[in-house]
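Here is a short briefing to read beside the sequence and the 3D view. It starts with a single residue and then widens to the fold and the ligand.

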Amino acid sequence: MTRGIFVTGTDTEIGKTAIAAGLAAVLKNRGVHAGVMKPISAGGRADAKLLQQATDQPLDTINPIALRDPLSPNIAAERENGDLDLSPVFSAFDHLLQTCDCVLVEGVGGLLVPITDDILVADLALRLQLPLLIVARAALGTINHTLLTVEAARARNLPINSVIYNALSPGPPDLSAQLSPGVVTRISGIPSAGTLPYDPHVDVDAGRLGRVPELIDAHIDLSLIFPDLL
Ligand SMILES: Nc1ncnc2c1ncn2[C@@H]1O[C@H](COP(=O)(O)OP(=O)(O)OP(=O)(O)O)[C@@H](O)[C@H]1O
Ligand SMILES: [Mg+2]
């Protein structure tokens, strides 16, 4: 049974929020009730607010921990109140698991971002027992970044569902964007769920999801990501 998915990225600002919010909207359109979480935010709650658009969840269950500074959570917490207590994250997650068809959790930055000095984002994904959906750049460099993320996940026995390649610049996909997904799959065995085209109308900070749900519908293999929900 699909518990949900943990949306991580090969980098920060790679499209995790746009894709997680888009997936929640597509699932809703298909009658699937997805819970959403951005467990820890740092530097504002724009991600959590965009995720909220496809749900009826209160902001505090989406984002139980909101840190002021746009820094890795361990440092942001140190600068305001010391240690982070993750128990509100686990109780909000357990509640969503019980009340929703599945839960989409957006990580913080990439897999090795420290939440505390002892708990990395990868450890959180492991604790929540969710497989990873890796968001990667559809551009030159993505083979290296994606394989590094796959290797870090495998070193921790974290299951990987698939990769979505995200076009973050306008214009038609260049050769690298076209060929890299096949190379990553050939080398790692991890399937590509597709490439999300560039959408000039999406703006996470302004709360605009643009055409991302329609583009996900048209370009992403949802039955690979949610095999028993769709
Ligand atoms: N397919 C796309 N086309 C155009 N712009 C996009 C696309 N996907 C994301 N963006 C834009 O790129 C920026 C980064 O996206 P997003 O906020 O989803 O990344 P993120 O990985 O969630 O970042 P963070 O690490 O800060 O949480 C945003 O301004 C967003 O609007
Ligand atoms: Mg985000």
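Leu179 counts as exposed, because it has 12 C-beta neighbours inside 10 Å, and the cut-off for exposed is 12 or fewer. The residue belongs to helix H8, residues 175-188. This is a predicted model.

**Leu179 in context**

- Leu179 lies 56 residues from Asp123 in sequence. In space, the two C-alpha atoms are 31 Å apart.
- Across the 230 residues of the protein chain, 47% count as buried.

**Overall fold**

- The protein chain holds 10 helices and eight strands.
- Its radius of gyration is 16 Å, close to the 17 Å that the globule rule gives for 230 residues, so the chain is as compact as a globular protein of that length.
- The C-alpha trace spans about 50 × 35 × 35 Å along its principal axes.

- Why is strand S6 described as largely enclosed by the rest of the structure? Six of the six residues in S6 (residues 132-137) are buried, so the strand is largely enclosed.
- In a regular strand, side chains alternate between the two faces of the sheet.
- In S6, Leu132, Ile134 and Ala136 point one way. Leu133, Val135 and Arg137 point the other way. All of them are buried, Arg137 included.
- Strand S1 (residues 4-9) runs parallel to S6, and four bridges join them. Phe6 has Leu132 of S6 as its bridge partner.
- Strand S7 (residues 160-166) also pairs with S6 in the parallel sense, over six bridges. Here Ile134 stands opposite Val163 of S7.
- From S6 the chain crosses through helix H7 (residues 142-155) to S7. This β-α-β crossover is right-handed.

**Strand S5 and its partners**

- Strand S5 (residues 102-110) has eight of its nine residues buried, so it too is largely enclosed by the rest of the structure.
- S1 pairs with S5 in the parallel sense over five bridges. Ile5 has Leu104 of S5 as its bridge partner.
- Strand S2 (residues 34-37) runs parallel to S5, with four bridges between them. Met37 stands opposite Val105 of S5.

**Helix H1**

- H1 has 14 residues. From first C-alpha to last it reaches 20 Å, close to the 20 Å expected at 1.5 Å a residue.
- Is H1 mostly covered or mostly exposed? H1 is mostly covered, with 12 of its 14 residues buried.
- The buried residues of H1 include Lys16, Thr17 and Ala18. Further along H1, Leu23, Val26 and Leu27 are among the buried residues.
- An α-helix has 3.6 residues a turn, so residues three or four places apart point the same way.
- Gly31 follows H1 and has a positive phi, near 85°.

**Around ligand 1**

- How many residues surround ligand 1? The shell has 19 residues. The closest are Thr12, Gly15, Lys16, Thr17 and Ala18.
- Which element gives the most to this shell? Helix H1 (residues 16-29) does, with three residues.
- By type, the shell divides into eight nonpolar, six polar and five charged residues.
- Lys16, Thr17 and Ala18 are among the residues closest to ligand 1, and they are also among the buried residues of H1.

Definitions and conventions
Residues numbered from 1 in each chain as written. Chains lettered and ligands numbered in written order. Predicted model: local features only at pLDDT ≥ 70, side-chain atom pairs only at ≥ 80, totals over all residues. Near = placed C-beta within 6 Å. Helix = DSSP H or I, 4+ residues; strand = E, 2+ residues; numbered from the N terminus. Nonpolar A, V, L, I, M, F, W, Y, C, P; charged D, E, K, R; others polar. Buried ≥ 20, exposed ≤ 12 C-beta atoms within 10 Å, placed from the backbone. Pairing = 2+ DSSP bridges. Right-handed = clockwise from strand over helix to strand, strands pointing away. Expected span 1.5 Å × (residues − 1). Rg over C-alpha atoms; globule rule 2.2 N^0.38 Å.
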